Amino acid sequence: MSEITLLLHQVNGGDDNARERLFALLYDELHTLARSRLRRSETITLLDTTALVHESYLRFVDARRLEFTDRGRFFAFAASIMRSIVIDQVRRRRAERRGGGAEHVEVDEQIADSLPQDDEQVLRVHEALEELSVLDHRLAQVVEMRYFAGLTEVDIADALGITERTVRRDWDKARTLLFAALR
């Protein structure tokens, strides 16, 4: 049993010290994952990789239990958390841009049309991925693990308990469905 797997089991048993050791052991890999995630959305978020890793850690702590038995499933969960952090920040920024809690007043539509569309695109992709999850949860998991986490087909296959060939088929199918949903 690898050290990561052992620590995951200890964390599942409620050992807070194991959670700290697990985070320290995986910090560099989580940092790489965050860098990969932010590279795809650098124009839409003010987060840096360290902030994203630390925010992810806070959400891990809030989760209390990590019901994962191996590294692949842990990183799939980490990718999901990082994605939700980026989406939350985009939504927060959109709310601030629209006045946050201020009273809303109708303004010339040309101003709204001139705003950058990056935030809108990120939210459209997020919504399309949620729709895909309702249609086929595994397809959404494959997209999340491959696109957002940068996991290899081998890692995804191990994490989901399927073959690499199935991962490739799921990836192709998911891309087609997402492309259609985003048109």
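## Helices H1 and H2

In this predicted model, the crossing of helices H1 and H2 is left-handed. Helix H1 covers residues 3-12 and helix H2 covers residues 16-39. Their axes come within 8 Å and cross at roughly 150°. Angles over 145 degrees count as roughly antiparallel, and H1 and H2 are therefore roughly antiparallel to each other.

On the H1 side, the residues that meet H2 are Glu3, Ile4, Leu7, Leu8, Gln10 and Val11. Their partners in H2 are Ala18, Arg19, Arg21, Leu22, Leu25 and Leu26. Sorted by class, the residues of this contact comprise eight nonpolar, one polar and three charged.

## Helices H7 and H9

Helix H7 spans residues 137-148, and its axis comes within 9 Å of that of H9. The two axes cross at roughly 95°; H7 and H9 are therefore roughly perpendicular to each other.

From H7, the contact involves Arg138, Leu139, Val142, Val143, Arg146 and Tyr147. These residues meet Thr166, Val167, Asp170, Trp171, Lys173, Ala174, Leu177 and Leu178 in H9. The contact of H7 with H9 has nine nonpolar residues, one polar residue and four charged residues.

## Helices H8 and H9

Helix H8, residues 153-160, also crosses H9, here at roughly 105°, with the axes coming within 8 Å. H8 and H9 are therefore roughly perpendicular to each other.

Helix H8 contributes Glu153, Val154, Ile156 and Ala157 to the contact, while H9 contributes Glu164, Val167 and Arg168. Here the classes are four nonpolar, no polar and three charged residues.

## Confidence of the prediction

The protein chain has an average pLDDT of 77, and 79% of the residues score at least 70. Among the elements of the chain, helix H9 (residues 164-182) has the highest mean pLDDT, 90. The lowest mean, 38, belongs to helix H5 (residues 109-114).

Over residues 102-117 the pLDDT is below 50. Beyond near neighbours in sequence, this stretch has four contacts in the model. Where pLDDT is low, the predicted coordinates should not be read in detail.

Notes
Residues numbered from 1 in each chain as written. Predicted model: local features only at pLDDT ≥ 70, side-chain atom pairs only at ≥ 80, totals over all residues. Heavy atoms only, no water. Axes fitted to C-alpha atoms, helices over the stretch in contact; angles between N-to-C directions. Helix = DSSP H or I, 4+ residues; strand = E, 2+ residues; numbered from the N terminus. Parallel < 35°, antiparallel > 145°, perpendicular 65-115°, else oblique. Left-handed = near helix turned anticlockwise from the far one by under 90°. Contact = heavy atoms within 4.5 Å. Nonpolar A, V, L, I, M, F, W, Y, C, P; charged D, E, K, R; others polar. pLDDT = per-residue confidence, 0-100.
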